[in-house]
Amino acid sequence: MARTGVIICHCGSNIASVVDVERVALAAGQMPGVTYAATNKYTCSISGQDMIKQAIAEHELDRLVIASCTPRMHETTFRKMLTKTSINPYMLEIANIREQCSWVHTDKEKATEKAIDLVHMAVAKVLKDQPLFTSSIPVHKKCLVVGGGIAGIQAALDVAEAGYEVTLVEREPSIGGKMVMLDKTFPTLDCSACISTPKMAEAGAHPNIRLMTSCEISAVTGYIGNFQVTIRQKPRYVNHDTCTGCGLCEEKCPTKVTNLFDQSLSKRKAIYKLFPQAVPAKPVIDSEHCTMLKSGKCGLCSKLCPLGCINFEDQEDFITETFGAIVLATGYDLIDWAKAYPEYGGGKYANVISGLQFERLVNASGPTEGHIQRPGDGAEPKTVVIVKCVGSRDPAKAKAYCSRACCMYAAKHAHQILEKIEGSKVYVFYIDVRTPGKGYEEFYDKTRADGAVYIRGRVSKIYEEGGKLICKGEDTLIGKQVAVEADMVVLETAMEPAHGSTETAATAGVSADKDGWLTEAHPKLRPVETQTAGVYLCGTAQGPKDIPDTVAQASAAAAKVLGLLAKDELETSPMISVVDAPKCSGCGFCEQVCPVKAISMVDVPSMYNGKRVTRTVAQVNSGLCSGCGACSAACRTGCIDLLGFTNKQILEEVDALWQE
Amino acid sequence: MSDVQNTLRDRVRSLLAEGKISCFIGWGPTRFKDRTIPKFANKPEDAGELVYNEHCLSNLAKYALDFQFSAEVAGIAVRGCESRAINRLIADGRLTRSKLYLVGIPCEGMLENGSTAEKCAFCRHRNPVVYDELIGEPVAEQENPPRFEQVLELESASSEDRYDFWQREFAKCIRCYACRNACPACNCMECYTEQYRTGWQGKQANTLENSVFGFTRAYHIGDRCIECGECERVCPMGIPLMKLNRKLVKDVESLFGSEESGLSDDASHALGCYDKEDLEEFM
């Protein structure tokens, strides 16, 4: 005979103020199999747990029902408690009478009746519970970081410093990401490259970090502690093992190509380093533009290279490695404002530029060596209009979200123009100015004191007239239309997820929100974890943010990775699917619906009409199975069951609900 | 049609004689002129007993399961309905294409009690969709057979009327499982109805349990029914099962835009795969 114990929790007044817990306990005492039923003020507290332990010993209970908050809250707490008793931790059912009852009802009578029903269902289910036992899987102590921007570099360095091996994968030929493109960083105005290139160099030289540039993730299988990741190495056409980075090839290459690192403001060669401080400091060939690769003519670099590093036959390569943890730091791109805002010229005016183009213009290593010159004619602009929220906070045209960093980098741009160009004027069109952050508001105040004119309103149209760019808009504070004649316009465009980042994340089993930002496991309490255990995220892959927040999040993700890699083994949940192989027809329906690819079809010896045959049946990988139950619902024969939620247990619950 | 029969016999005779196949599944005679039964030809001399005429009503595909574990190749006559059933069985992992030799026969519809069989009236694939050799010339397909006519009629009734209708129909069911046994999509090694104490499907032949059986079967084949109409044809109680199956076929087609089942042996079916374009009205 089963000896079930039922504990009804008051949860202070959270439950007890709506549900008559004493009545529920009284009713529970009458239910089949129940030996002991009592209430408790705070069941999750130490004293509450002691009371349960005592009851288990005193009444020789062999299974337990706790009617309290959601199992997401304290199921683990109570399971841990049960490990110190004679009851198997999985002989426990939680009836959620808080979130699913007291919190959502006001009618005390009916809420109490519902609580009794919920307890009745749990009591019926617990009778069919079976002891379950966890097993353990080894942890592969190696971390993969996807994306070599400042977030990825920081995360990789933190993990590597703790003594674990890290592979840092970057699709561009160099790590560095967007931060190395920037000139100065707000609010302290320290040079962006000066603070990020040492980190790049450190990552490049760290004995525990393996850099894989010009690489992308093509497949991820496996599970926490044991991910098998296939990395695609794009052809570089330059042997980086022998190349010393002398630069002769780049110097002599006759083909000039638009330089995207400089935001199309300059030219580079077809064999190139992404930027002078690139890590690795070795060139690659741009196969789209190299005349040798396109038409078989030229090959100058190959003739000149003293070490014979050029290999025009280079092919893409696939490398599969095992990692225990994955960090996604896939970063951002800026929205294509020319498409969304034809009223700003849609790209036809050379002197209407994006914020990132301005960063290159004002950067000492940029195309103008730091002199602010109009891309159109090289003249120094005297009047500059800065337009904020281009693409952000504008659901009708682009994105509804606030891009967070723009208010501050707009203020920085205004400051830089006023500082570098004597007698210049800067007008900033804004919707709101948002400067939460250490020293941010002070910086904004200083910019205004420097002479930047802030006009509250959106720019409705930009057009060229007499060599000037006319920016029309409304000053909403005075309720009047204004027009500013500018020499140059800087559009502070919104961030959007880096192209291809949602696909990369999907490969690792991580979902994205409607805008494409990767989804964290919990927005407040698990900000760097994802719904896929063992996969973490950081930086702008998760949402727009500035450098301090990005770096903080990267270190947070690294801390989570270290927590995982510090373990030798992981306990696996025993609440997984099991296949009753003799019943299985091998139709593979379960394999198709499994979201974590935990099911595979295997050939097994079998008997058919008295003969030995080999047939195909489903098999569950216990390490991969997340216990979602999709396979169980899909199986027509009913030969897959989910332990802890077997068809029988669920039927018992349903039956209990209909019993008087 | 006697030409087809003669060619079929000749071909099967040589296929068996050459050792290309170990057995051939076709139709054979009965003591009634207007009835045939499935016939297994194991030796070249058996080929002369094969029959092909307008009374070959049975869908043979499921008999191929008898050879699922055989090392040798089994031959089978396939019309549109058999060929789609074979594809279904391959997609469901029950048959292997390389172990089958399909002799295709274009079909112009069969007779049942003197007139066109009900199941053939709705046929959209009279020519086999897959075969290794074809006997005779392809025939013209029926133009717009009234595939969903009965479904539309059913859909126009109120939910109460529909409920009453199916309760009346399933009250007749004697749970002989002939529908399931004939159905090429009902191909589980062990049907859930054979299992004891599932907790939700009783074995009693009463209206309640019968309807649980009827509706469950319809859902199990919802996205895989090849519309061969065998279930309805073999039902001794005359339950209009295809009305129910076609309703689900229609829903699956309109909700997921999937093509008819059995046109290929592709294993992906509407309810088993996720597509970003899938309707999500319910979410």
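How many residue pairs are in polar contact across the interface of chain B and chain A? The legends below treat this interface and several further close-up views of the predicted model.

**View 1. The interface of chain B and chain A.** In answer to the opening question, four residue pairs, both members at pLDDT 80 or more, are found in polar contact across this interface. By class, the side of chain B that touches chain A comprises ten nonpolar, ten polar and six charged residues. The number of salt bridges between chain B and chain A is zero. Contact between the chains involves 26 residues of chain B and 16 residues of chain A. Together the two chains bury about 1700 Å², of which 56% is on carbon and sulfur atoms.

**View 2. The five-stranded sheet of chain B.** The strands of this open sheet follow the order β2-β1-β3-β4-β7 in chain B, and their pairing is mixed. At the edges stand β2 (36-41) and β7 (133-134) of chain B, each of which pairs on one side only. Within the sheet, β3 (residues 74-78) and β4 (residues 100-104) of chain B are paired in the parallel sense, with five bridges. Ile76(B) has Leu102(B), in β4(B), as its bridge partner.

**View 3. Helices against the sheet of chain B.** Helix α1 (residues 2-17) of chain B lies across β1 (23-29), β2, β4 and β7 of chain B. Relative to β4(B), helix α1 of chain B runs at about 160°.

**View 4. The three-stranded sheet of chain A.** This open sheet has the strand order β24-β25-β26 in chain A, with antiparallel pairing. Because β24 (459-465) and β26 of chain A are at the edges and have a single partner strand each, one side of each lacks a neighbour in the sheet. On average, neighbouring strands of this sheet are turned by 20° against each other, direction ignored.

View 5. Seven bridges link β25 (residues 468-475) and β26 (residues 480-486) of chain A, which pair in the antiparallel sense. Leu469(A) is opposite Ala486(A) in β26(A), and Gly473(A) has Val482(A) of β26(A) as its bridge partner. Four residues lie between the strands of this hairpin, in which Gly479(A) adopts a positive phi near 65°.

**View 6. Cis peptide bonds in loops of chain A.** The bond from Phe186(A) to Pro187(A) is a cis peptide bond with omega near -5°. Pro187(A) belongs to the loop between β8 (184-185) and β9 (190-191) of chain A. Val279(A) and Pro280(A) are also joined by a cis peptide bond, with omega about 0°. Pro280(A) is found in the loop between β15 (271-272) and β16 (284-285) of chain A.

**View 7. The backbone at Glu369 of chain A.** Glu369(A), a residue other than glycine, has a positive phi, near 55°. Glu369(A) is placed in the loop between α12 (355-362) and β21 (383-390) of chain A.

Definitions and conventions
Residues are numbered from 1 along each chain as its sequence is written. Chains are lettered from A and ligands numbered from 1 in the order in which they are written. This is a predicted model: local features need pLDDT of at least 70, side-chain atom pairs count only at pLDDT 80 or more; totals for chains, interfaces and linings use all residues. Side-chain values use heavy atoms; hydrogens and water are left out. Contact means heavy atoms within 4.5 Å. Buried area is the accessible area (1.4 Å probe) that two parts lose on being put together, summed over both. A salt bridge is a side-chain nitrogen of Lys or Arg within 4 Å of a carboxyl oxygen of Asp or Glu. A polar contact is a pair of N or O atoms within 3.5 Å; within protein, one must be able to donate a hydrogen and the other to accept it, and residues adjacent in sequence count only if both atoms are side-chain atoms. Ala, Val, Leu, Ile, Met, Phe, Trp, Tyr, Cys and Pro count as nonpolar, Asp, Glu, Lys and Arg as charged, and the others, Gly among them, as polar. Two strands pair if DSSP finds at least two bridges between them. Helices (H or I, at least four residues) and strands (E, at least two) are DSSP runs, numbered from the N terminus. Axes are lines fitted to C-alpha atoms, for helices over the stretch in contact, and angles run from 0 to 180 degrees between N-to-C directions.
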